[in-house]
Amino acid sequence: MADQELSVAEKDAPAGPPASGAGVKRPGDRVFETLSTVSAALITVIIIAVGLFLLKQAFEPLRLNTENFLTYKGQWQTSNLDNMKFGIPNLFFSTVTVSIIALIIAMPVALGVAIFLSNYAPKRLVKPLAGLVDMLAAVPSIVYGLWGAQVLGPKLSGFYEWINSWGGDFFLFQRYANSPSFDTGRNILTGGIVLAIMVLPVIAATTREVFVQTPPGQIESALALGATRWEVIRMTVLPFGMSGYIAGAMLGLGRALGETMALYMVVSPGPEYRGSLFDGGTTFATAIANASAEFNNPTSAGAYIAAGLVLFLLTFLVNSIARAIVNKK
């Protein structure tokens, strides 16, 4: 009898909350989930489509190329389809060199900016200063190019002459007679400085966002042990945010690799890469911009599309490394 009463009571009892994930989805949830899924799939499809387009357009010129695409360092000859000669070593080394210079200059400055904004700046000044740094990313690249070519380069030419006077025997500071980039200051080093200013807000903003997420318990524990402000930063903030700092640098490198207009105006075109910072150079992006007049010939344009394919893969690789670093942390 007691068992029967218990079963009746169980039947009459109100149902408990549904199990996790068993709830009925509302129409708004379905719409949001669908839009999110479609957006993610669309981005993936676009990236794959761009890669396939570059690969398709580059296939025929690569087949007609009479030189090794990966090792040929001579002048590009793409107008004669029966004797096409083109390769990427000069473009690759110029692109990597100017990007590395930009990182060497921008990374320490960005780290200092991120530490100041996250740990030293008064709270009422954090937002205005952070907005000022972020505004550097909003300045059009052509403005940086004009400033670098008309102001920065000529101003630094005397400094370059002084370095060359005592370090000219070293390959990085050599001066070539057939290069006009030394007198005008339009060289790889000036391009790296301009590029450093352009990528600095990307690195600083990413690093700061990670630094401010340092667990307060760790900071308070270090202060309770008598650590100074700098010791707290060195022992807690920097170890916690190092992955974000490196990831920000990789994102900045991805931006630097693909920059076109600023380097197009600041760095004099160079026929070959000779390793000197005072020499001109041609990056992947500037080479494509310089040859835009030849794009009426699909096969000739395909040679530069092949260079664009290498740049696409290089940028994709750098951004993938940055994402892997963030996910690992």
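R63 counts as exposed, at 53% relative accessibility, and its side chain meets that of E60 in a salt bridge with a distance of 2.4 Å, N to O. The model discussed here is predicted. The structure holds four salt bridges, and there are 13 aromatic pairs.

**Salt bridges**

- R63 and E60 both lie in helix α2, which covers residues 27-64. The two residues are three positions apart, about one turn of the helix.
- E60 counts as partly exposed, because its relative accessibility is 31%, whereas R63, at 53%, counts as exposed.
- R208 forms a salt bridge with E209, and their closest N and O atoms are 3.3 Å apart. R208 is buried, with a relative accessible area of 19%, which places R208 under the 20% limit for buried residues. E209 is partly exposed, with a relative accessible area of 43%.
- R255 forms a salt bridge with E259, with 3.6 Å between the closest N and O atoms. R255 counts as partly exposed at 29% relative accessibility, while E259 is buried, with a relative accessible area of 7%.

**Aromatic pairs**

- The aromatic pairs number 13. Among them, Y160 and F278 form a tilted pair, with 5.0 Å from centre to centre and 35° between the planes.
- Y160 lies in helix α5 (residues 141-167), and F278 lies in the loop between α10 (261-266) and α11 (284-290), so this pair ties together parts that are 118 residues apart in sequence. Both Y160 and F278 are buried.
- W162 and W166 form an edge-to-face pair, with 5.6 Å from centre to centre and 70° between the planes. Because W162 and W166 are four residues apart in helix α5, they are separated by about one helical turn.
- W162 counts as exposed at 51% relative accessibility, and W166 counts as exposed at 55%.
- One aromatic cluster is formed by F159, Y160, W162, W166, F170, F173 and F278.

Technical notes:
Residues are numbered from 1 along each chain as its sequence is written. This is a predicted model: local features need pLDDT of at least 70, side-chain atom pairs count only at pLDDT 80 or more; totals for chains, interfaces and linings use all residues. Side-chain values use heavy atoms; hydrogens and water are left out. Rings of Phe, Tyr and Trp (its six-membered ring) pair if their centres lie within 6.5 Å; planes under 30 degrees apart count as stacked, over 60 as edge-to-face and the rest as tilted. Buried means under 20% relative accessible area, exposed over 50%, partly exposed in between (1.4 Å probe, protein chains only).
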